[in-house]
Amino acid sequence: GLFVTDYFTRTPRKLSPFRSFASIELFHFHIPEDTVIAVWNLITFKEQGGTFGDQCPDRSITVYFRSGAPSVINPLHTHFPRDTAVPGSFALTLTWTLPNRTTGVFNVTSPLPGDWFLAAHLPKDEGKISVKGLYEECQYLFQPQLIVQRLVNIAVLYPGHVTEQTMGPHNRSCLYKVFVPSYTSRVLVEVLRCRGAEGCPLWLRVRAKAPPLHNSTTLDCWEHTPCQLAQDLPFWQHWYYVLVEKHAGVPGTVSFQVTVQLTDCSRPSLARPPFLPSSASMNMPHSFGSAGGLALGDSPPPTSPNDTKHPVPIPVTSHAGERCWPVRPTLRNELDTFSVHFYIFFGPNVSVPPDRPAVFVINLLPVLDSGGVLNLELRLNVSSLCGENVTVFGCLNHEVPLTSSDNTSVTCETESLAGFLLSVNATASLSRLRIPYPQTGSWYLSLRSLCATEHGFEPCTNVTAEVYLRAYLSPCINDCGIYGQCKLLRTNNYLYAACECKAGWNGWGCTDNAEAFSYGFQLLSTLLLCLSNVMFVPPVAIAVRSHYLLEAAVYIFTMFFSTFYHACDQPGIVVFCIMEYDVLQFCDFLGSLMSVWVTVIAMARLQPIVKQASVLYLLGAMLLSMALQMDRHGLWNLLGPSLFALGIMAVAWTARTIRRRHCYPPTWKRWAFYLCPGALIAAAAVLLYAFVETEENYFYIHSIWHLLIAGSVGFLLPPRAKPSRRLGPLPRRKGCGYQLCVNEQEELGLVDPAVASINSICTS
């Protein structure tokens, strides 16, 4: 056949340590039909400070693959919520082959067509809280690339017609496909008139949705006569691929005929006719994917020596499961993103007769519905059982209903079909099922009522059970409970939802309490973070006593909003918010930075002409508000105003030192008992905040940060300035109409009273 190669790539993304599914990076690909091989090239590289991160440590990267929907992963081995079905996926761990780059390759032969999802993450870290911009962080970037090779012009088999084929010496196999419409209970593929050098040296393989593999359903035509391969309960509305392959080492030419028969379960006594008036009658697509292929409603093409198609008689036999029951549709009601209710006509109470099952279909839209949770709930009306020991079984299967003719069967699986089982009875009248990230398409629910006897389950007589049925799509399981937050996430044009847990709770629905914080622990952490702000009361008292009223107001503002911000910022249930969280956070950050600003400006003891109208205080408030609006967690939001204020203080102190020819402040007591201890306490607080604080020790390390910062303010705030003393009035000079006034202010009580400086001019 003719092969076509397609190439797909995605933009590199930064990987994060795993905490929940909300911290993973999800990549969405689409594999076309008739793909024979898909190769994922997984590229990972390190970066640090805009360059290659050769010095970054090697951290393993785990990649998950799943077809149809995102992978439901559990790398921390936490417990899933009750009644949750966990679909499987394939995981791959990448190891580093170069100091700053590694590449992995993942091959899939004959992959299923449609949506494929890749999820990648780093291992869980210790949860260190780092200050943004303090050092160059190691970044691990991941970029997947997909190369697919697909066949074109695959020959199409038409039910009830024979296709003749001759396989030359150099040909190993022939590939065909046939479309299976709805209400098909059986697919029968048969090889006829096989002629080769030695009997019929052919393998017959059949697979749904994609070309067959070595482990697909296989039959050796050499050992079986006639060579017939049947598939019961095939997937509806999908292509089935038929591969006829020669045995290894068989010389010469092999000729054979292939035919396919489809059994219509809505009419078990009839097989599907060779041709129908239109494609809609058979629910087949108008395009068959084969150049010059037969479209339904057309006449058969002219026969050819190598590829002839003509009707053959279809024997009608009775097989288990041929008969199917009417499928009741559901009404889709979209309320919001991943919030969809499926209503049953003449429901939600459903009658389940004793002699036949009740079948319902739930249609999930491609891409749109696979990022949520499919919820199913069955509630039995016990009063409808009339005292009988009745059990209602429900089988939820994807793309085909499981309606076995064996009424005593309580399984929802076959050799090629897997499903989910629900059951309700008089003892347990409620049953739930949750499927996170369900595959899209049609889901069929089959309800049957059986009576329990000494010999097992048997069909009931004259008892019609009534069941309340509820099916809906939700973003998260139980909205992640009280210890989690359901987040709506997006990767390119694909939306999905995931829980982000808090207060030590884990799991897919935040229901695993193995590491959960107790209520007492939550209360203690909240009280520590809130009450540690009381340490600002002494600085407020000192500021008021020293007539620093503006500084005292800033300290009160900081103490108030820091207290209520931490009361609102708690992860558990001990939470109290007086305002919106964003407002409290902004005011807390602004108050903290303004406290540093006004304290250092007060220490500078600027001259009145500079400090007039609180120019620097107002300028600092405006600049800090702007910086916090740009980035609240940046390093320079803290260092910038602090260094600028320290620069102003250093200039003011240096000017006084030069003017007075004496170190300022001049007394060793001021340095030894106030300035040095205050600076050391502030430095210790900054070191704890920047290098020691983690998520586990946050509540007491940050409380210590509050205590140290407030304590340093009490040490660093300068004392009250002594009242100014005037020297005797100078004699008034005549003629100019002005007099010189002396305004001597002893700063910190350290200026020699005998030294008088004329620093102001007063009008007479």
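Predicted model: local features only at pLDDT ≥ 70, side-chain atom pairs only at ≥ 80, totals over all residues.
Residues are numbered from 1 along each chain as its sequence is written, and side-chain values use heavy atoms, with hydrogens and water left out.

The chain contains nine helices and 35 strands, where helices (H or I, at least four residues) and strands (E, at least two) are DSSP runs numbered from the N terminus. Of its 764 residues, 48% are buried; here buried means under 20% relative accessible area, exposed over 50%, and partly exposed in between (1.4 Å probe, protein chains only). The accessible surface of the chain is about 37600 Å², and carbon and sulfur atoms contribute 58% of it, the areas coming from the Shrake-Rupley method with a 1.4 Å probe, with only the protein chains shown counting as cover for residues. Among contacts with a separation of 6 or more, 76% are between residues 24 or more positions apart, a contact being defined as heavy atoms within 4.5 Å.

An open sheet is formed by five strands in the order β11-β13-β18-β15-β16, with mixed pairing; two strands are taken to pair if DSSP finds at least two bridges between them. Its edge strands are β11 (155–156) and β16 (217–220), each of which pairs on one side only. Within this sheet, β13 (residues 173–180) and β18 (residues 238–246) are paired in the antiparallel sense over eight bridges, and S173 stands opposite E245 in β18.

Strand β17 (residues 227–232) presents a covered face made up of C227, L229 and Q231, and an uncovered face made up of Q228, A230 and D232. Strand β14 (residues 184–195) runs antiparallel to β17 and is joined to it by six bridges, with R186 having D232 of β17 as its bridge partner. In the loop between β16 and β17 lies P226, and the peptide bond from T225 to P226 is cis, with omega near 0°. In the loop between β17 and β18 lies Q237, which has a positive phi of about 60° although it is not a glycine; at 33% relative accessibility, Q237 counts as partly exposed. For reference, most residues other than glycine have a negative phi, and most peptide bonds are trans.

A further set of pairings involves strand β22 (residues 339–344), which is mostly covered, five of its six residues being buried. Strand β21 (residues 330–336) is joined to β22 by six bridges in an antiparallel arrangement, and N333 stands opposite H341 in β22. The hairpin of β21 and β22 has two residues between the strands, and F338 in this hairpin takes a positive phi near 55°. Strand β22 is also joined to β31 by three bridges, again antiparallel, with V340 standing opposite L473 in β31. In the loop between β31 (465–474) and β32 (484–491) lies D479, which has a positive phi of about 55° although it is not a glycine; with 54% relative accessibility, D479 counts as exposed.

Residue L376, in strand β25 (residues 373–380), is buried, with a relative accessible area of 4%. Apart from neighbours within four places in sequence, L376 is in contact with I362, L396, L422, S431, R432, L433, L445, L469, R470 and A471. The C-alpha atoms of L376 and R432 are separated by 5.7 Å, although these residues are 56 residues apart along the chain.

The structure holds six cavities of 30 Å³ or more. On a 1 Å grid over the protein atoms alone, a cavity is a set of points where a 1.4 Å probe fits but cannot get out, and lining residues have an atom within 4 Å of a point; grid points are joined across faces, edges and corners, and a volume is the space filled by probe spheres set on the points. The largest cavity has a volume of about 160 Å³ and is lined by 15 residues, of which F18, S20, T78, G507 and W508 lie nearest its centre.

The UniProt record (unreviewed entry) assigns an EGF-like domain to residues 499–510, a span that is 0% helix and 25% strand, with its end C-alpha atoms 7 Å apart. UniProt positions are given in the numbering used here, feature names are shortened, and annotations may be inferred rather than shown by experiment. The same record lists transmembrane regions, among them residues 516–536 and 698–717. Residues 516–536 are 62% helix and 0% strand, with end C-alpha atoms 32 Å apart, while residues 698–717 are 95% helix and 0% strand, with end C-alpha atoms 28 Å apart.

Note on methods. 1 Å grid on protein atoms, 1.4 Å probe; cavity = no way out; pocket = protein on both sides within 12 Å on 5 of 7 lines; lining within 4 Å.
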